[in-house]
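This briefing accompanies the structure shown below and walks through a few of its helices, residues and recorded annotations. Please keep the structure in view while reading, and look up each place as it is named.

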Amino acid sequence: MNLEHYIDGTHVPSVSGETFTSLEPATNRPTLTVASGDAEDVDLAVRAALKAFTDGPWPRMPGERRAEVLRGIAAAIEARDERIAELECGDTGLPITQARGQARRAAQNFRFFADVITSLGEDVYRVGSAQLNYVVRKPVGVAGLITPWNTPFMLETWKLAPALAAGCPVVLKPAEWSPLSASLLPEIMEEGGLPTGVFNLVHGIGERAGAALVAHPDVPVISFTGETTTGQTIMRDAATGLKTLSMELGGKSPLLVFDDADLERALDAAVFGVFSLNGERCTASSRVLVQDTVYEEFVTRLAERAARVRVGPPHDLATELGALIHPEHYERVVSYVRAGVEEGARLVAGGGRPEGLPEGNFLAATVFADVTPAMRIFQEEIFGPVVCVTPFSTETEAVELANATRYGLAAYVWTSDLRRAHRLAQSVEAGMLWINSQNIRDLRTPFGGVKASGLGREGGRYSIDVYTEAHIVHVATEDLPIPRFGLG
C-alpha cells in the first residue's frame, strides 16, 4: 500500500518523490510505502490552509454550522469503526479489543467539541452602568498538529476536533511509525462536509516535516504530543516565531497504595494502568509506591497478575498485550529491563520474550520490585509494559517518592482516608490526579502536566483557548469623563 499527502483536497506524492517504509509491529515486515514530506510539502499544505483561513468560509461560519460538520465527521468515523480499529491494530500492535475502544473515542472527540463550540459563551464584564466589556474569541490561524505513534487515530482527533471547532484550518503531521489510520481522514473529512483546504495531511520524518511545520512563519499555533526531548526542541524552534504552544510530553506517573486501600481494586488499577495499550501511554502508572505494611503482599499479587496477562498477536480477541510499535522502540524498552537487573532491582515477573512468539516486538508484562529512586527504571520514561514497585513507610515519604522524578503528568492515589487523599492531591506534583480510580477521562477537564511533562492544557474550553485569540471590546454605555489636555 502507498500513502500520499493530502493537500488542498488532493492526494499528492512528495515534491522530492521521496518515500519511507513502515513496518508491521507483530512481524517487523514492511507493509507500507509512505510519502516522505519536507519543507516544500509543508509549505504547500500551509499555503492551502492559509487560503482557507483568509478566503474560505470555515473561520467565518457560525459555531452551530461548524458543529454540524463536526457531527458529520463523527458519523463518518463511526461508519468506519471496525476498519479504523483493524488498521490501527496492524499498524501499532495494539490489541484489537483496545483499538476498537480508541476508534469509538475518536468519534466521541468530534461530537464533544461540536457541543463545546455551540455551548461556549463569551465573557462579559460590566463597570457599573457606564461601560460594558466583552471578550470575542477569534480563530488564531493555521494550526500545526504533530501527533504521536501510540493510539494515533484517537490522538489525531483529540487535536483535530477542537482546532476545527475553533475555526482553524489545520496541517496534520502524523507519526512516521504509525501513519496508516490517518490515511482514512481525507475521505472522512470530505464525507463530513469540511470545505476544501481546511484539512491537510503531510507525512514524514519528524526532524524534517515536523521541524518545517514548527518553523513555518504562517503557522501561529503548534499542538504537539510526544517525547519530552523532542518537545524541548520544538519549543526552542518555535520561540523565534513567538508561537502559541500546547505541549503534552512524557510521564513517569506514580500510583500510591496505602495500607487502608482496597488492595484488590488497587491491583486492578495497577495492572490496567501500565499493561493496557501495551504500556505505550503517557499517563501509564509505571511507578507503584506501596506502604511497607502491605508491600510484600502487593508485590506477590501484582507479579501473579502480570504473569497472567495474555501476550499475543494483536488481532487475536484474547490478546491483552500486543506488540510494541517498532524494533527500535522494542530494543529501547528491553534495554531498560537489562538496566533494572544490572542496577539490582528484583525482577518478579516477565522480562523477556513470551514463548510461541519468535518474531515481532513482543515483551511479557514485566514487574520490578525493590526499585530505588537512584535507578534509571525509576527515573526515566520506559513507555512499555514495565512497572517498578517501591516501598514507603509514611505519607511524607510517599509524597517525596512521588515527586522524585522530573515528570509530573498524572498520579493515582489509593486510600480510604479522605483527608489524606485531599492532602496528597495538593502535594503531589502532577497536572492530573485520580483518587481511588484508574485513568477515566472527563473530556471537559484540563489535560496536561507540570515540570518536564508539558506546557498548557487541552480539554473542553481549554482546548478552544489554544486555538483562539481573546479580543476585548470596551463599550461606553454612558458619556464617560475625558481628561482635557492642552487647555491651560
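This is a predicted model: local features need pLDDT of at least 70, side-chain atom pairs count only at pLDDT 80 or more; totals for chains, interfaces and linings use all residues.

**How helices pack**

Ile 84, Glu 88 and Thr 92 in helix H3 meet Pro 152, Phe 153 and Met 154 in helix H5.

*Helix pairs*

- Helix H3, which covers residues 81–92, packs with H5 at an angle of about 115°, and the axes of H3 and H5 are 9 Å apart.
- Helix H2 (residues 63–78) also packs with helix H5 (residues 152–165), here at an angle of about 165° and with the axes 10 Å apart.
- An angle over 145 degrees counts as roughly antiparallel, and H2 and H5 are therefore roughly antiparallel to each other.
- The crossing that H2 and H5 make is right-handed.
- On the H2 side, Arg 66, Leu 70 and Ile 77 take part in the contact, and they meet Phe 153, Thr 157, Ala 161, Leu 164 and Ala 165 in H5.
- The residues of this contact of H2 with H5 divide into six nonpolar, one polar and one charged.

*A helix with buried residues*

- Within helix H7 (residues 206–215), the residues Ala 209, Gly 210, Ala 212, Leu 213 and Val 214 are buried.

*Annotations from the UniProt record*

- According to an unreviewed UniProt entry, residues 14–472 carry the annotation "domain: Aldehyde dehydrogenase".
- This span, residues 14–472, is 40% helix and 20% strand, and its end C-alpha atoms lie 43 Å apart.
- The unreviewed UniProt entry also gives the annotation "active site", which covers Glu 248.
- Glu 248 is placed in strand E12 (residues 244–248), and it is buried, with a relative accessible area of 10%.
- When residues up to four places away in sequence are not counted, Glu 248 touches Phe 224, Thr 225, Gly 226, Cys 282, Leu 409, Phe 447 and Ser 453.

*The surroundings of Glu 24*

- Glu 24 has its place in strand E4 (residues 19–24), where it is partly exposed, with a relative accessible area of 23%.
- Leaving aside its neighbours within four places in sequence, Glu 24 is in contact with Arg 29, Thr 31 and Gly 90.
- Although Glu 24 and Gly 360 are 336 residues apart in sequence, they are 8.1 Å apart in space, counted from C-alpha to C-alpha.

*Residues with a positive phi*

- Asp 8 is not a glycine, and yet it has a positive phi of about 55°.
- Asp 8 sits in the loop between strand E2 (5–7) and strand E3 (10–12), and it is partly exposed, with a relative accessible area of 40%.
- Leu 277, which is likewise a residue other than glycine, has a positive phi near 55°.
- Leu 277 is found in the loop between helix H9 (263–275) and strand E14 (287–291), and its relative accessible area of 10% is under the 20% cut-off, so Leu 277 is buried.

How values were computed
Residues are numbered from 1 along each chain as its sequence is written. Side-chain values use heavy atoms; hydrogens and water are left out. Axes are lines fitted to C-alpha atoms, for helices over the stretch in contact, and angles run from 0 to 180 degrees between N-to-C directions. Helices (H or I, at least four residues) and strands (E, at least two) are DSSP runs, numbered from the N terminus. Angles under 35 degrees count as roughly parallel, over 145 as roughly antiparallel, 65 to 115 as roughly perpendicular and the rest as oblique. A crossing is left-handed if the near helix is turned anticlockwise from the far one by less than a right angle, and right-handed if clockwise. Contact means heavy atoms within 4.5 Å. Ala, Val, Leu, Ile, Met, Phe, Trp, Tyr, Cys and Pro count as nonpolar, Asp, Glu, Lys and Arg as charged, and the others, Gly among them, as polar. UniProt positions are given in the numbering used here, feature names are shortened, and annotations may be inferred rather than shown by experiment. Buried means under 20% relative accessible area, exposed over 50%, partly exposed in between (1.4 Å probe, protein chains only).
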